[in-house]
Amino acid sequence: MRTALRDQIRYPVYRIQLATAATTLPISLPEVKSRLSVTDDARDAQLMAMIRSATENTERYLRRTLIDTTWTMFLDKFPGKRLPWWDGLRQIADTELTDLTEAIILPKPPIDSVVHV
């Protein structure tokens, strides 16, 4: 029974890895200091940590990136419905065949470009 249920539900199997981190933040330290009416420089490190934390939490919540970053995505297989094997010898090294009718969903939008597949 578990095998039948697993065959019906297709979860995307992928892994993403950060290749190039963002070099800027969505809001600058002087902007934050002016909004909070902070004039001294004693809390700069604390404010920068808060900006980074807020950016990371917002990106995680929205499942989007706010700043240009480069990600590498690894797929275990192409998405699609599983096809049955034919009788006889296997002619390919793949462990599964798919019909290639489903799209590859790219995480962390908006996507500027795809470098290679």
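**Close-up views of a predicted model**

**View 1. Thr65 and the residues it touches.** Leaving aside residues up to four places away in sequence, Thr65 touches Glu59, Trp71, Lys108, Pro109 and Pro110. In this predicted model, Thr65 is found in the loop that runs between α3 (44–62) and β2 (70–75). The relative accessible area of Thr65 is 15%, and because buried means under 20%, Thr65 is counted as buried.

View 2. Although Val115 and Thr72 are 43 residues apart in sequence, their C-alpha atoms are 9.6 Å apart in space.

**View 3. The largest pocket and the residues closest to its centre.** The largest pocket holds about 980 Å³ of space. It is lined by 30 residues, of which Trp71, Met73, Ser113, Val114 and Val115 are the closest to the centre of the pocket.

**View 4. The lining of the largest pocket, by element and by class.** The elements that give two or more residues to the lining of the largest pocket are β1 (14–20) and β2, and β2 gives the most, with six residues. When the residues of this lining are sorted by class, 17 are nonpolar, eight are polar and five are charged.

Conventions:
Residues are numbered from 1 along each chain as its sequence is written. This is a predicted model: local features need pLDDT of at least 70, side-chain atom pairs count only at pLDDT 80 or more; totals for chains, interfaces and linings use all residues. Side-chain values use heavy atoms; hydrogens and water are left out. Helices (H or I, at least four residues) and strands (E, at least two) are DSSP runs, numbered from the N terminus. Buried means under 20% relative accessible area, exposed over 50%, partly exposed in between (1.4 Å probe, protein chains only). Contact means heavy atoms within 4.5 Å. On a 1 Å grid over the protein atoms alone, a cavity is a set of points where a 1.4 Å probe fits but cannot get out, and a pocket is an open set with protein on both sides within 12 Å along at least five of seven lines; lining residues have an atom within 4 Å of a point. Grid points are joined across faces, edges and corners, and a volume is the space filled by probe spheres set on the points. Ala, Val, Leu, Ile, Met, Phe, Trp, Tyr, Cys and Pro count as nonpolar, Asp, Glu, Lys and Arg as charged, and the others, Gly among them, as polar.
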